[in-house]
Amino acid sequence: MPGNTKTIVRDAQNIAAPQYFNPTTDAYEYAQGENGGVRMNNYVRTAGGVWVPQKAADDGTTLVQLTGSKAQQKTDAVIFNAVALTNVTPVNSDAIPDFHNYNKRTLLIRNTHDVPVEVGIVNTMRGNFDRLSYGQVNQEQKVTIGANGGFSPVLITGEHLRALDHIFGYDTRIQVKATATPTVGSITVRLFMEVR
Amino acid sequence: MPEETKQAIVWALQQKVVDPSGNEWPLTLETEQELVDFVRLYFNDNGISYSTFSYDDLLPFFN
């Protein structure tokens with residue numbers, strides 16, 4: 001029965017008392033909370049517009065649960081840790097785990113060699129490590145990092161290296177290649193990846 | 001790695017880095033790229049031949 005068919009509860013002076021309608025007992029009941037306060041439920045509105053009571057843990061704290069697939073989808077790794085190149089032979093990194101699981105990637109590069117160093121992305125679609133190219137014109141995916149960048153790390157994003165913004169499979173690695181024989185210095189490459 | 005690697009590291013750790021603002025700070029085992037660059041400098045200055053190496057190749061010589 002709806003609440004408007006029931007009689008409200010009253011105090012000794014026949015005045016309406018603080019109360020609520022309990023649909024389980026089908027009657028109005030005194031609102032009796034802790035330390036004389038009114039006992040209340042917290043209700044929150046869902047995205048679908050439904051009001052639901054909030055749950056609490058045994059100690060009374062509100063229960064919070066992260067859901068969805070975007071939690072903790074951010075990572076960074078040192079791809080080359082101060083590698084002192086001594087010739088112009090390309091050097092490939094180890095395979096980058098889960099490269100295809102991220103859609104936002106940034107390279108942070110510090111080249112202290114006395115020659116510029118090319119940085120590219122290689123992939124094993126053909127079975128060998130091939131440098132990736134982009135689009136129908138086969139624009140090779142590489143950037144050239146200037147020499148003697150002692151205190152100036154360079155930030156490389158998809159704006160400079162389109163392959164960083166795209167998702168593709170197979171074994172993917174970063175490749176560095178000195179443009180001439182370096183005599184001093186080294187190169188450090190860090191890769192930051194996240195899902196957006 | 002060359003057999004002189006240990007002494008190259010010891011020498012490198014006695015050097016100081018100076019940034020473009022003139023600030024100086026000592027090399028440590030944690031200033032990874034500076035350490036590699038100074039070890040390489042030691043090899044060059046002492047005519048020691050070496051091939052491509054990285055900070056990770058220096059780790060066994062730290063103890």
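Predicted model: local features only at pLDDT ≥ 70, side-chain atom pairs only at ≥ 80, totals over all residues.
Local features need pLDDT of at least 70, side-chain atom pairs count only at pLDDT 80 or more, and totals for chains, interfaces and linings use all residues. Residues are numbered from 1 along each chain as its sequence is written, and chains are lettered from A in the order in which they are written.

**View 1. Chain B and its helices and strands.** Chain B holds 3 helices and 2 strands. Helices (H or I, at least four residues) and strands (E, at least two) are DSSP runs, numbered from the N terminus. Their order along the sequence is α-β-β-α-α. The C-alpha trace of chain B spans about 35 × 25 × 20 Å along its principal axes. Of the 63 residues in chain B, 27% are buried (20 or more other C-beta atoms within 10 Å of their own, C-beta atoms being placed from the backbone).

**View 2. Where chain A meets chain B.** Here 15 residues of chain A are in contact with 16 residues of chain B (C-beta atoms, placed from the backbone, within 7 Å). Strand β5 (residues 74-83) of chain A gives the largest share of chain A's side, 3 residues. By class, that side has 7 nonpolar, 7 polar and 1 charged residues. Ala, Val, Leu, Ile, Met, Phe, Trp, Tyr, Cys and Pro count as nonpolar, Asp, Glu, Lys and Arg as charged, and the others, Gly among them, as polar. Helix α2 (residues 32-45) of chain B lies across β5, β7 (104-111) and β15 of chain A. The helix runs at about 15° to β5(A), with axes fitted to C-alpha atoms, for helices over the stretch in contact, and angles from 0 to 180 degrees between N-to-C directions.

**View 3. The open sheet of chain A.** Four strands line up as β5-β15-β7-β13, with antiparallel pairing (at least two DSSP bridges between two strands). The edge strands, β5 and β13 (154-156), each pair on one side only. β5(A) and β15 (residues 187-194) of chain A are joined by 7 bridges. Val83(A) has Ile187(A) as its bridge partner.

**View 4. Strand β14 of chain A.** In β14 (residues 172-178) of chain A, 5 of 7 residues are buried. Strand β8 (residues 117-123) of chain A runs antiparallel to β14(A), joined by 7 bridges. Arg173(A) is the bridge partner of Val122(A).

Notes:
Buried ≥ 20, exposed ≤ 12 C-beta atoms within 10 Å, placed from the backbone. Contact = placed C-beta atoms within 7 Å.
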